[in-house]
Amino acid sequence: MGRSRARLLAALETPASTTQLAKSLDMAVGAVGDHLTVLRRAGLLRRARSGRSVLYHRTALGDSLLRAQEDL
């Protein structure tokens, strides 16, 4: 996993939207969206609609991967 995807995964300690993540990580919204799609397809994230927003959060697999990286 690359640095940007790892940062996104780590940033999802609490659910967040694409826009929130882009602002907090100083990344382009489009780039964040692309990375989130890859992470979601890998089973590391889930998304859920909350009103007009879509919030992303880590799955158990995403949590495990993040913990494993921190242990290195």
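Trainee: What makes Arg46 a contact partner of other residues, and which are they, leaving aside neighbours within four places in sequence?
Mentor: Contact means heavy atoms within 4.5 Å, and Arg46 has such contacts with Leu55, Tyr56, His57 and Thr59. Please keep in mind that this is a predicted model, where local features need pLDDT of at least 70, side-chain atom pairs count only at pLDDT 80 or more, and totals for chains, interfaces and linings use all residues. Residues are numbered from 1 along each chain as its sequence is written, and side-chain values use heavy atoms, with hydrogens and water left out.

Trainee: Where is Arg46 found, and why is Arg46 called exposed?
Mentor: Arg46 belongs to strand S1, residues 45-50; strands (E, at least two residues) and helices (H or I, at least four) are DSSP runs numbered from the N terminus. Its relative accessible area is 53%, and exposed means over 50%, buried under 20%, partly exposed in between, with a 1.4 Å probe and protein chains only. Arg46 is therefore exposed at 53%.

Trainee: Why does Ser17 count as buried?
Mentor: Ser17 has 11% relative accessibility, so this residue counts as buried. Ser17 sits in the loop between H1 and H2 and touches Val54 and Leu55, not counting residues up to four places away in sequence.

Trainee: Why is His35 called buried?
Mentor: With a relative accessible area of 18%, His35 is buried. His35 is part of helix H3, residues 29-41.

Trainee: How do you know that the side chains of His35 and Arg5 are joined by a polar contact?
Mentor: The two side chains come together at 2.9 Å. A polar contact is a pair of N or O atoms within 3.5 Å; within protein, one must be able to donate a hydrogen and the other to accept it, and residues adjacent in sequence count only if both atoms are side-chain atoms. The pair of His35 and Arg5 is listed as such a contact. Beyond four places in sequence, the contacts of His35 are Ser4, Arg5, Leu8 and Met27.

Trainee: Which residues touch the most other members of the largest nonpolar core?
Mentor: Among its 15 residues, they are Leu8, Leu12, Leu21, Val32, Leu36 and Leu45. Helices H1 (3-11), H2 and H3 each supply at least two residues of this core. What makes it a nonpolar core is that it is a set of buried Ala, Val, Leu, Ile, Met, Phe, Trp, Tyr and Cys residues joined through side-chain atoms within 4.5 Å. Not counting residues up to four places away in sequence, Leu8 touches Leu21, Leu25, Val32, His35 and Leu39.

Trainee: At what angle do the axes of H2 and H3 cross?
Mentor: They cross at roughly 115 degrees and come within 9 Å, with H2 spanning residues 18-25. Axes are lines fitted to C-alpha atoms, for helices over the stretch in contact, and angles run from 0 to 180 degrees between N-to-C directions. At this crossing, Thr18, Leu21 and Ala22 in H2 meet Val29, Val32, Gly33 and Leu36 in H3.

Trainee: What makes Asp26 stand out in phi?
Mentor: Its phi is near 55 degrees, a positive value in a residue other than glycine. Most residues other than glycine have a negative phi. Asp26 lies in the loop between H2 and H3 and, at 72% relative accessibility, counts as exposed.
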